[in-house]
Amino acid sequence: MSALTDRLDRVAAQTRVVAAASGALRRLRRAGGNVALGLIDQALLSGSAFVQTIVLANVLDIVSFGRFSVAWSFSILIEAVFLRGMFDDGLPATAHRIPRSRWPQLRLGLYLSSLLVSAGLGLLLVVAGLVMVTIGGDAGGLVIATGLAIPAVRLQSMFRRICYLDGRLPRALASSLTYCVVLVASAGLMIVLKLTGAAAAMACIAISAAVAGSLMLCYTRELAWPQARIFRGSLRRLFRNGRWFVATSLTYWIGSIGLIPVCGALIGLDASASLRILLLVFAPLSQFCATMFSVRLPEIAAELRAGRRSTVTAAARENALLLGSIAAAYGAAVMLLGQRILAFVIHGQTYDIGTGSLALMGIAMGLDAVWLGLALPLFATGRPQRFMLSRIAGLVALCCVLPFAAQAWQVMGAVAAMVASSGASVITVVLTNSARKQA
């Protein structure tokens, strides 16, 4: 009888091991599929931005391209820093605190509130642009187009974020593909009509994002009018943590994309144009890191909700190592081939981009990739205060280095300031995490 019992126990143990292994394999296949779809999704958006920027770099004179780059950087400030920080970054942590049966109300509430805020900001820019046109300003049309682009991009961004939250990445992929098709068609129409300018390029972005975001109308059955209590509670939770997400993202924007207008003020619009090209070269790396982050974030939030904090800590270390290794390989490839590729795709314009600038940008982006991997628990828990100190340290380093380095070495000096900022952020977050563990 004892032998039979032992045999049954062994069989049961083997069954549990097989079931656990099968479950792990299923999760791995599902994660791999999501990562693949996410990479294709981001590749479409990154590829379309790359092609559009290269075309503009060839068609526009360097000052006009610098002016477009400044407008683009401010649109990123509004969308990727303010609006995304308020509505998107804290969404996984907020959504997993309410029953899934109430997610339809959450979805519609997010669409309405984010569109209302973005439309208000866009309207302010449109009015400012009209005033500039009235008084004879050269950039009035570009400001108007930027104001129209902000709510359109917000709609598309919100739709894609909800797709990632729901695990429905094919929908996000369809939205990005629609964006690319409409962008090509609208850009071709603008060229035929001989409207090739910075304002026309921004208008193409607005039209393409509006059409791509309108795909959410195909899934209205998954939306429900939010109850006032649920709506207020969800928005209160998002906004309470959102101010920290905005502050953290703002410090990052200042140290990267925000340098485009700063360089324009310090050393000229041609420097803004060169820095925009440098950031474009490393855009695929940034998009890859963003994809890994977006795919893993809902999973990490769910694991935290289940109380598996050790798993989250291990995942943060693994992602930091993975993203850092990929960034190092990408930076090495850019150092070897970057100038040849730029010489092949850009003709008729001279940009201040040397091997030193490419190498320093690779180091800065690699450090940012490591920081992003370590910051996964920050966004999953909805507690960005823990990592805010690291971004403040980076901002202080940037402010100390940038004025002197930019005047001494122009664009390469600005990129060196980015390296100092990213390095200070990574060192600070590592030190604060170590201190927290010892405590």
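Helix α10 is largely enclosed by the rest of the structure, because 11 of its 13 residues are buried. This is a predicted model. The buried residues of α10 include Arg276, Leu275, Leu278 and Leu279. The helix covers residues 269-281, and at 1.5 Å a residue it should span 18 Å; its end C-alpha atoms lie 19 Å apart, which agrees.

Leu275, Leu278 and Leu279 are also in contact with Met361, as are Phe282, Val415 and Met418, leaving aside neighbours within four places in sequence. In the largest nonpolar core, which has 99 residues, Met361, Phe68 and Tyr351 touch the most other members. Helix α2 (residues 62-88) supplies the largest share of this core, 13 residues. A second, separate core has seven residues, among them Leu374, Phe387, Val426 and Val429.

Side chains of opposite charge can pair when their charged atoms come close. The model has seven salt bridges, including these:

| Salt bridge | N to O distance |
|---|---|
| Arg154 and Asp88 | 3.0 Å |
| Arg171 and Glu222 | 2.7 Å |
| Asp368 and Arg391 | 3.9 Å |

Arg154 in helix α5 and Asp88 in helix α2 are 66 residues apart, and both are buried. Arg171 lies in helix α6, and Glu222 in the loop between α7 and α8; both residues are buried. Asp368 is in helix α13 and Arg391 in helix α15, so this pair ties together parts 23 residues apart in sequence. Asp368 counts as buried at 9% relative accessibility, and Arg391 at 5%.

On the surface, Phe50, Val51, Val55 and Val59 form a nonpolar patch with about 310 Å² of accessible area together. Val59 lies in helix α1 (residues 2-59).

Methods. Residues are numbered from 1 along each chain as its sequence is written. This is a predicted model: local features need pLDDT of at least 70, side-chain atom pairs count only at pLDDT 80 or more; totals for chains, interfaces and linings use all residues. Side-chain values use heavy atoms; hydrogens and water are left out. Patches are made of residues with over 30% relative accessible area and no salt bridge: like charges are joined within 9 Å, nonpolar side chains (Val, Leu, Ile, Met, Phe, Trp, Tyr) within 5 Å. Accessible areas come from the Shrake-Rupley method with a 1.4 Å probe; for residues, only the protein chains shown count as cover. A salt bridge is a side-chain nitrogen of Lys or Arg within 4 Å of a carboxyl oxygen of Asp or Glu. Helices (H or I, at least four residues) and strands (E, at least two) are DSSP runs, numbered from the N terminus. A nonpolar core is a set of buried Ala, Val, Leu, Ile, Met, Phe, Trp, Tyr and Cys residues joined through side-chain atoms within 4.5 Å. Buried means under 20% relative accessible area, exposed over 50%, partly exposed in between (1.4 Å probe, protein chains only). Contact means heavy atoms within 4.5 Å. The expected span of a helix is 1.5 Å times one less than its number of residues.
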